Amino acid sequence: MQLKDKVVVVTGGGAGIGRALCRRFTDEGAKAVIAVDLNEAGAAETVAQGAATASYRADVSKFDDILAVVDDVEAKFGPIDLFCSNAGIAIGDPDFDDVASATEADWQRSWGVNVMAHIHAAKALLPRMKARGAGYFLNTVSAAGLLSQIGSTTYSTTKHAAIGFAESLAIAHKDDGIRVSVLCPQGVDTAMLRSMDGNPASLDGVLTPEDVAGIVVKALDDERFLILPHEVVLNYMRNKTNDYDRWIGGMVKLRRRIKDARPA
């Protein structure tokens, strides 16, 4: 996909990767870039910085919020060519030694933002894109959806589910002219990463959001399904599928290292 003259929506556009994507898409000559965020002030700041055309407040876990954004954007700016479902949430396990310690509310919020948001976007846009014979979904997931996330069972589980939905979306609707990409970085210098002490995602280096946005533009041009800003993740995936038990053993050792480094 060439971004010039396209209408693009980016959720989580008020900061981090979302804001960097908005800025890069604007620089690439998009017709309109729409920053969507639960943090209304953050999305407005993205516009004020010249990185987006307009901003909207929305809770991506609610279908009615997503549908309202889609309806209004298409009425004002034209058909949405690219929808970037980028908003995400990470909640650490309350008890590091108990993967079932997250509350029901933590699970519901994580599921709503990390999984249902992607489904809501597809539900709102698939009929329109199918009728036009074209459309693109970019779903920000995480390397955790391909591997795991020590210290946040809700994050790891919902990100795996997000990968599964994206695969189904890509398989079922390619013949409709619809393309799908999943963005799966490890450590990126965002508030989310900084909020999780001892996050193993940082072990292979931390990229800037701008680095990631540049990689995304090239991947969209190539229409690649899997976008891996940290190339080493591909090796980890191969190790996992080649010998699952050995991979589990390696992750157990990594968890021990993280646990030993945690404050007493």
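Predicted model: local features only at pLDDT ≥ 70, side-chain atom pairs only at ≥ 80, totals over all residues.
1. Seven strands form an open sheet in the order E3-E2-E1-E4-E5-E6-E7, and their pairing is parallel. Strands of a sheet pair through backbone hydrogen bonds, in either a parallel or an antiparallel sense.

2. Strands E1 and E2. Five bridges join strand E1 (residues 7-11) to strand E2 (residues 32-37), and the sense is parallel.

3. Strand E6 and its partners. On one side, E6 runs parallel to strand E5 (residues 135-140), to which six bridges join it; Phe-137 is placed opposite Val-180 in E6. Strand E7 (residues 226-227) is also parallel to E6, with two bridges between them, and here Leu-183 faces Ile-227 in E7. Of the six residues of E6 (residues 178-183), five are buried, so the strand is largely enclosed by the rest of the structure.

4. The crossover between E5 and E6. These two strands, together with helix H5 (residues 153-173), make up a β-α-β unit, and the unit is right-handed.

5. Geometry of helix H3. With 15 residues at 1.5 Å a residue, H3 should span 21 Å; the C-alpha atoms at its ends are 21 Å apart, so expectation and model agree. The residue after H3 is Gly-78, which has a positive phi near 105 degrees.

6. Which residues of H3 are buried? They are Ile-66, Val-69, Val-70, Val-73, Glu-74 and Phe-77. These residues cover an arc of only 120 degrees around the axis, which means that they lie on the same side of H3. An α-helix has 3.6 residues a turn, so residues three or four places apart point the same way. The buried residues of H3 pack against E1, E2, E3, E4 and H4. Exposed residues Asp-64, Ala-75 and Lys-76 are carried on the face turned away from the buried side of H3.

7. The structure holds eleven salt bridges. One of them pairs Glu-74 with Arg-128, whose closest N and O atoms are 3.3 Å apart. Glu-74 belongs to helix H3 (residues 63-77) and Arg-128 to helix H4 (residues 104-132), so the pair ties together parts that are 54 residues apart in sequence. At a relative accessible area of 17%, Glu-74 falls under the 20% limit and is therefore buried. Arg-128 is partly exposed, its relative accessible area being 22%. Both residues also belong to a network of salt bridges that links Asp-71, Glu-74, Arg-128 and Arg-132.

8. Two further salt bridges. Asp-97 and Arg-255 meet through their side chains in a salt bridge of 2.8 Å, N to O. This pair links distant parts of the chain, 158 residues apart: Asp-97 is in the loop between strand E4 (82-85) and H4, and Arg-255 is in helix H9 (residues 244-261). Arg-255 is partly exposed, at a relative accessible area of 28%. By contrast, Asp-222 and Lys-218 both lie in helix H7 (residues 209-222), four residues apart, about one turn of the helix. The closest N and O atoms of their salt bridge are 2.7 Å apart. Asp-222 is partly exposed, with a relative accessible area of 38%, and Lys-218 is partly exposed at 46%.

Note on methods:
Residues numbered from 1 in each chain as written. Heavy atoms only, no water. Buried < 20%, exposed > 50% of the residue type's maximum accessible area, 1.4 Å probe, protein only. Pairing = 2+ DSSP bridges. Right-handed = clockwise from strand over helix to strand, strands pointing away. Salt bridge = Lys/Arg side-chain N within 4 Å of Asp/Glu carboxyl O. Expected span 1.5 Å × (residues − 1). Arc of directions from axis to C-beta. Contact = heavy atoms within 4.5 Å.
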